Amino acid sequence: MVTDPIADLLTRIRNAQMARHRIVEIPASNVKKRITEILYEKGYILKYRFEEDNKQGIIKIALKYDPQTKEPAIKSLERVSRPGLRQYAKPSEIRRVQSGLGIAIISTSKGLMTDKEAKQMNVGGEVMCNIY
């Protein structure tokens with residue numbers, strides 16, 4: 001049993017990129033599905049697919065690489081809030097990731113969203129992870 005499923009998602013993506021895999025499979029949950037959708041919307045992954053099985057389902061993520069240099073599109077995946085130490089931020093306290101080049105995924109009362117969307121909607125919440 002995994003105690004921190006979001007850290008597991010980030011670690012699986014990070015390890016797959018270091019091994020230069022094209023596709024990574026991750027056990028599904030609603031939070032992981034939403035994080036995957038955000039990564040796709042922001043252009044960090046090529047595509048994704050949710051597959052149902054008799055258990056919890058699987059998320060298949062096609063990783064994105066630069067065609068010339070073969071470098072991954074995601075340079076860093078960093079878990080901010082973790083089960084032992086939750087990190088919360090008000091709208092005014094949300095920090096930019098890499099001077100606005102990256103994104104922070106925030107769990108708000110209106111669902112998971114990026115840092116820019118949370119500031120725009122003037123809602124704070126738990127800062128899940130930083131990606132650039």
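Biologist: In this predicted model, which residue forms a salt bridge with Arg49?
Modeller: A salt bridge requires a side-chain nitrogen of Lys or Arg within 4 Å of a carboxyl oxygen of Asp or Glu. In this predicted model, the closest N and O atoms of the pair in question are 2.9 Å apart, and the partner of Arg49 is Glu51.

Biologist: Is Arg49 buried, partly exposed or exposed?
Modeller: The class of partly exposed lies between the limit for buried, under 20% relative accessible area, and the limit for exposed, over 50%. Because its relative accessible area is 49%, Arg49 is partly exposed.

Biologist: What is the N to O distance in the salt bridge of Lys60 and Glu51?
Modeller: Glu51 counts as partly exposed at 27% relative accessibility, and Lys60 counts as partly exposed at 22%. The side chains of Lys60 and Glu51 meet in a salt bridge, and the distance from N to O is 3.7 Å.

Biologist: Which residues are linked with Glu51 in a network of salt bridges?
Modeller: Glu51 forms a salt bridge with Arg49, and the side chain of Glu51 also meets that of Lys60 in a salt bridge. The network that links Glu51 takes in both of these partners and one further residue, so that, with salt bridges defined by the 4 Å limit, the residues linked with Glu51 are Arg49, Lys60 and Glu25.

Biologist: How many salt bridges does the count come to?
Modeller: With the 4 Å cut-off between nitrogen and carboxyl oxygen, the count comes to nine.

Biologist: Is Asp8 buried or exposed?
Modeller: Asp8 lies in helix 1, which spans residues 5-18, and, leaving aside neighbours within four places in sequence, Asp8 is in contact with Val2 and Lys32. Because its relative accessible area is 17%, and buried means under 20%, Asp8 is buried.

Biologist: Which residues gather with Lys116 in a patch of positive charge on the surface?
Modeller: Lys116 has its place in helix 3, residues 115-121, and is partly exposed, with a relative accessible area of 47%. Patches are made of residues with over 30% relative accessible area and no salt bridge, and the residues that gather with Lys116 are Lys42, Arg96 and Lys119.

Definitions and conventions
Residues are numbered from 1 along each chain as its sequence is written. This is a predicted model: local features need pLDDT of at least 70, side-chain atom pairs count only at pLDDT 80 or more; totals for chains, interfaces and linings use all residues. Side-chain values use heavy atoms; hydrogens and water are left out. Patches are made of residues with over 30% relative accessible area and no salt bridge: like charges are joined within 9 Å, nonpolar side chains (Val, Leu, Ile, Met, Phe, Trp, Tyr) within 5 Å. Accessible areas come from the Shrake-Rupley method with a 1.4 Å probe; for residues, only the protein chains shown count as cover. Lys and Arg count as positive and Asp and Glu as negative; His and the chain ends are not counted. The place of a charge is taken as NZ of Lys, CZ of Arg, CG of Asp or CD of Glu. Helices (H or I, at least four residues) and strands (E, at least two) are DSSP runs, numbered from the N terminus. Buried means under 20% relative accessible area, exposed over 50%, partly exposed in between (1.4 Å probe, protein chains only). Contact means heavy atoms within 4.5 Å.
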